Amino acid sequence: MYPAPFEYYRAETAQEATELLSKHVGAKILAGGHSLVPAMKYRVAAPSALVDIGRLNLNYITAAEGVLKIGALSTHATVASSDVVKHNCAIIAQGAAGIGDQMVRNRGTIGGSLAHSDPQADYPTLVTCVGATIKTSSGKSYNADTFFKDMLTTALEENDIITEITMPVYGSGTGGFYYKIPHPASGYAVAGAAALVTVEAGICKRVSLVVGGATVNPVRAVEAEAYLVGKAPTSENIKAAAAMVAQVIKNPMGDGYASGAYRTHLAGVASERTLVEAVHRAA
Amino acid sequence: MGQWVSITVNGKNYTREVEPRTLLASFLREDLGLTGTNIGCDSSQCGACTIHMDGMAVKSCTVLAVQAHGTVITTIEGMAVNGKLHPVQQAFWDQHGLQCGFCTPGMIMSISYMLAQHPNASELEIRHQLEGNICRCTGYQNIVKAAMQARDELHHEHHQHMQEQH
Amino acid sequence: MAKLVGQPIKRVEDPRFIQGRGGYVTNITLPGMASVAIKRSPVAHARIVSIDASKAEALNGVIAVFTGKDLIDGGTGKLPCGWNVPNIKVPDRWAIQPVGDKVRHVGDAVAAVVAESPYIAQDALDLIEVQYEELPAVIGAKSAASNKTLVHDSVADNITYTWPLGDHAAVEQALAESDTVVTLDLTNQRLIPNAMETRAAVAQWNRYTEEMTLWTTSQNPHPIRLLLSAFTLGIPENKLRVISPDVGGGFGSKIFHYPEEIIVPWIARKIDRPCKWVATRSEASVTDSQGRDHVSTAKLGLKNDGTITGLFVETHADMGAYISTFAPLIPTAFYVCLLSGLYKIPSIYCNVVATMTNTVPVDAYRGAGRPEAAYLVERLMDLACRKLKMDPIAFRRHNFIKPSEFPYQTPVAMMYDSGNYDGLFDKAIASSGYHELIAKRDQARKEGKIAGVGIAGCIEASGPAPSKVAGALGSAVGFWESAVIRMHPTGKATLFTGAHSHGQGHETAFAQIISDELGIPMADVEVVHGDTGKVPFGMGTYGSRSLSVGGSAIVKAAEKVRTKMIKIAAHQLEAAVEDIVFDQSTGKAYVKGSPAKSKGTFDMTFAAYTAHNLPDGLEPGLEENSFYDPANFTFPNSCHIAYVEIDSGTGRVDLQQYCAVDDVGNVVNPMIVEGQITGGIAQGIGQALYEYGAYDSDGQPQSATFMDYAMPRADCFPMIHTDRTVTPSPHNPLGVKGAGEMGTIAATVTAANAVMDALAPMNISHLDMPLTPEKIWSAINKK
């Protein structure tokens, strides 16, 4: 299994990358390559040229003034092991630690994963949950909630490059967790739920609950969120909230391993389990 | 059309012209003749092609050779030093951690990296961290035992090294 | 020197593998070598209307494109069937299907490209235009028999053969007279063997000597050479050398003769350049012969006291699109003949209906028929216990064949050699802490968990034998094995074995045997296998035969070596042959009572080659062979016990404990045996819980990559506890039984029984494998 021939350009700056992309029609961006290279080996993708952005200075993680900034070329391993991420937005580190396997995590990047927008990937669900902002080389900013448009489709414009992902930090009183039910072969999420819960005086103050894997893009469980806010995070309340998750699962995907109905059910299971753990971590 | 790459593999620098689509696994196997790195699948799942690139375990079937330009790579052929097996290699031998041997180089490269990251990995953690490597022969049991032996041996080496320094 | 047989000696082959020096076919590079790639059908069933390769041929770096007609016109023949059951219809199978013929499964070959690199070869595949006239796909082992569409016009009703065995009337009468009858409809799902090394072939034509060398990833190079010479390639055996070097796992899938073994050497000769083909994993998924795929109905007659009275089975076995080399053996003699399990069953009848479908051919996969039999029998035993409300162990013991009853003739042709099934179960119950597991399960259930304990007792017939019986059953080959021991002048030994190691550790185990037989250090023994240019005709490795058959040949050859050495020693010591003692622990020969004055290995071997001082009439040299034809199969048996808990929210099975006690007779290297058992168990559990080579109704494979086909990973298993009982096989010199497949045979049904025990409180009696989370969750929630 080998890719079809292509031209290769290595960009040193984002601007150079953009220029190369506009100059070579049909060119694609190469970051870690862990979504693109397999697709090219199967020849479901055969770009005429690749613009390698792997050497751009986008491998950084900082936190200041309540905002965590992750450079788009940060690998899953970097994010998972980053103390800055763990201290400021722990759910992202915890979720990143479960992507693929240790070798994949050493190459796959957050920007690449978000741009690829695989329905079974973990990052889209995670960044949507934390209310991240996706920034690009052309200066655009997208809210994660509206970034993912369809199967393998995002709001990203042609030749634009994701440069940075920012997200609000959270501290004590707020807990987050991502619960993934992986496919036994691919390791991708059959269903995954990310929750961020702020508990004050025994009451859920803010709740963010996003489920992925069951549908082409992650969806926010708005009814479940609304139900929990203002209530104590008891197991009964969490169970009742998780039972509402199915309402937001429209047109679930199904295959030989897991039907749409089962994935919808799993979205609820994952939601309940992730809420329990998020509440636990909020304490 | 050709692209020049300069890559250090097992301590030796190689400068070669490659087609951009050349996979790093192909480069190692075909261009450099380092056939210890095996290819067992085409979907980045099996891990037989695992190598260390700048100290990190990666699947060389999913990296283009051009992406490895300027990196320092270790393959299975570079693990034994002056004829002394790496503790993970030795443990695979001691624990009967291989049968057909095809997944073995990738397993050894994966586990040696894993133990560097998680020097105290428990049996369960080892099993979990091995999710990127498939073996069809052993049922993983003796691979996990080998990883545990190597973990303990590396601890022992580390302590000896510390004592020597004092 | 201490006896080495029975010792866990570390493997002598390992240093090369752990340092990346495994000598796999895919690592071979020859000067001027070209790359072959195969154009494969994307549809399951279609007539090939036309092939236009002009664009591919025009691509820079493409040497040639060949179609089926090129190969047929070029003298290649149809792939033969090596096991012809009565009245079988074997349809034509070509290496590449010619235009006008049909493709019959996704992956069927339609053209071959040879190019300067594998990259260019793949580019060329994309440029070959094939016009197909699509036909409806025939899918389903049972429904194929009533499908109006025929996979092959020559196979009416898509039934290639039927194979009834047993006394049907007696079974019907036994069932009618039973107190109760347990019925079970089950599917034993399709599996993909997935050895980690994909198949590969390298061929080199020598234009000067007109000799062909083929390196191929085979478990049995000699039978492959025979088939190539006699049927498919037409190069005579004395001009054809087949080498299977280090092979990266087989599990049965590398026994068979594959089209690429014809295509690659044919092209190499045609273009007069060395050629190489390596399967991608995606190709392997649609071309390696697959495993299992039965649809069965079974009825078990019982008396109220738990006595089994009779067993009726009807099985539809899916053969796929063509008859693979040994396919007809698997659901017949390797399946039906094992349906007696560990039990005295007065009457058994089974009818097998083998069907053709538009899927990849099915043949032996680890266990090969025997796991299917064990699964059916041991699922029935559990259902019988449930129906009779009997303890699963007490019920089984009640029906066991007792030690005093061996050799035991079953009603399905097999004559079991030896066994002690009560002793086996005693040990498994103790080793696993069975009663504690039951208590743990009951406690877990009280806590609202879904928990189960599975137990199974299984029989295997390993090392198919003897050859004349195999011939009577339809085999085109014998099942003996060869060994040549060449003693060199300096006392070193080379063993040439017809068995083939692709992970089994023969280089170690066989050297242990020779060391013990001849009293020389293991380090002085070189084991050579897998090369028809070096070793005598041998049958290769499958069916857990290498030690019981190949090992026995080694013992016999070593006996001959000793005999000749004794003659030499007697001559040198001026004594009668009868007075010479050969001390196998030292390799020294001396006159009885005078050990101090002895002749060592070197003395005897060197004398054999100088021939300066040999007894009159004794030929110089010291090289002996044996062709050992075993008297019978061996019958390993096992009791496995598993504990599972099931996540009620997701339906996911958590296998928490697993204990295996196996009787594989004597063992040569317990470390290797344990590795074989443990690895086999993992594959068995893989079938029970994860793996499924599914096709949709159009014949499209649903799990053709590792993204879909759930290969078990390290975190699917707990540490497996293994133990052994030993009842030596009485009919081979080592007293060994097969160890390669027992784990797989027993583990599938043990894991399945554990899951079904967990679901018993919900009145769920049976679910088909794989026992995936959704299947279990749906069953739990179906009310």
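**Notes on the three-chain model**

1. Starting with the B–C interface: 44 residues of chain B are in contact with 41 residues of chain C, where contact means that the C-beta atoms of two residues, placed from the backbone, lie within 7 Å. On the chain B side, the elements giving two or more residues are helix 2 (87-94), helix 3 (104-117), helix 4 (123-129) and helix 5 (141-165). Helices here are DSSP runs of H or I with at least four residues, strands are E runs of at least two, and both are numbered from the N terminus. By class, that side of chain B splits into 21 nonpolar, 16 polar and seven charged residues. For the classes, Ala, Val, Leu, Ile, Met, Phe, Trp, Tyr, Cys and Pro count as nonpolar, Asp, Glu, Lys and Arg as charged, and the others, Gly among them, as polar.

2. A word on provenance. This is a predicted model, in which local features need pLDDT of at least 70 and side-chain atom pairs count only at pLDDT 80 or more, while totals for chains, interfaces and linings use all residues. Residues are numbered from 1 along each chain as its sequence is written, and chains are lettered from A and ligands numbered from 1 in the order in which they are written.

3. Now the A–B interface. Here 21 residues of chain A are in contact with 24 residues of chain B. Strand 1 (7-10), helix 2 (36-41) and helix 6 (102-105) of chain A each supply at least two residues to the chain A side. That side has 10 nonpolar, six polar and five charged residues.

4. Chain C overall: it has 19 helices and 28 strands. Its radius of gyration, taken over C-alpha atoms, is 27 Å, close to the 28 Å that the globule rule gives for 783 residues, so chain C is as compact as a globular protein of that length. The rule in question is 2.2 Å times the number of residues to the power 0.38. Along its principal axes, the C-alpha trace of chain C spans about 90 × 70 × 50 Å. Among chain C contacts with a separation of 6 or more, 81% join residues 24 or more positions apart.

5. Next, the core. The largest nonpolar core has 409 residues, and those with the most contacts inside it are A:V51, C:V36, C:V113 and C:I514. A core here is a set of buried Ala, Val, Leu, Ile, Met, Phe, Trp, Tyr and Cys residues joined through C-beta atoms within 7 Å. Helix 18 (residues 742-758) of chain C gives the most to this core, with 11 residues. Leaving out residues up to four places away in sequence, C:V36 touches C:A112, C:V113, C:V114, C:A121, C:I263, C:V264, C:I267, C:C275, C:K276 and C:W277.

6. On to the domains of chain C, with bounds from an automatic or database domain assignment. Chain C is divided into domain 1 (14-135 + 197-248 + 254-287), domain 2 (371-464 + 632-781) and domain 3 (480-628). The centres of domains 1 and 3 of chain C, taken over C-alpha atoms, are 39 Å apart, and 15 residues of domain 1 are in contact with 13 residues of domain 3. On the domain 1 side, helix 6 (221-232) and strand 11 (240-243) of chain C give two or more residues, with helix 6 contributing the largest share, four residues. Seven nonpolar, five polar and three charged residues make up that side.

7. Chain B has domain 1 (3-78) and domain 2 (87-165), with C-alpha centres separated by 22 Å. Between them, 15 residues of domain 1 are in contact with 11 residues of domain 2. Strand 3 (50-53) and strand 4 (56-59) of chain B each give two or more residues to the domain 1 side, and strand 3 gives the most, with three. This side has seven nonpolar, eight polar and no charged residues.

8. Last, a local spot in chain A. A:S82 lies in the loop between helix 3 (76-81) and helix 4 (83-88) of chain A. A:S82 counts as buried because it has 20 C-beta neighbours inside 10 Å. Not counting residues up to four places away in sequence, A:S82 touches A:I61 and A:A93.

Definitions and conventions:
A residue is buried if 20 or more other C-beta atoms lie within 10 Å of its own, exposed if 12 or fewer, and partly exposed in between; C-beta atoms are placed from the backbone.
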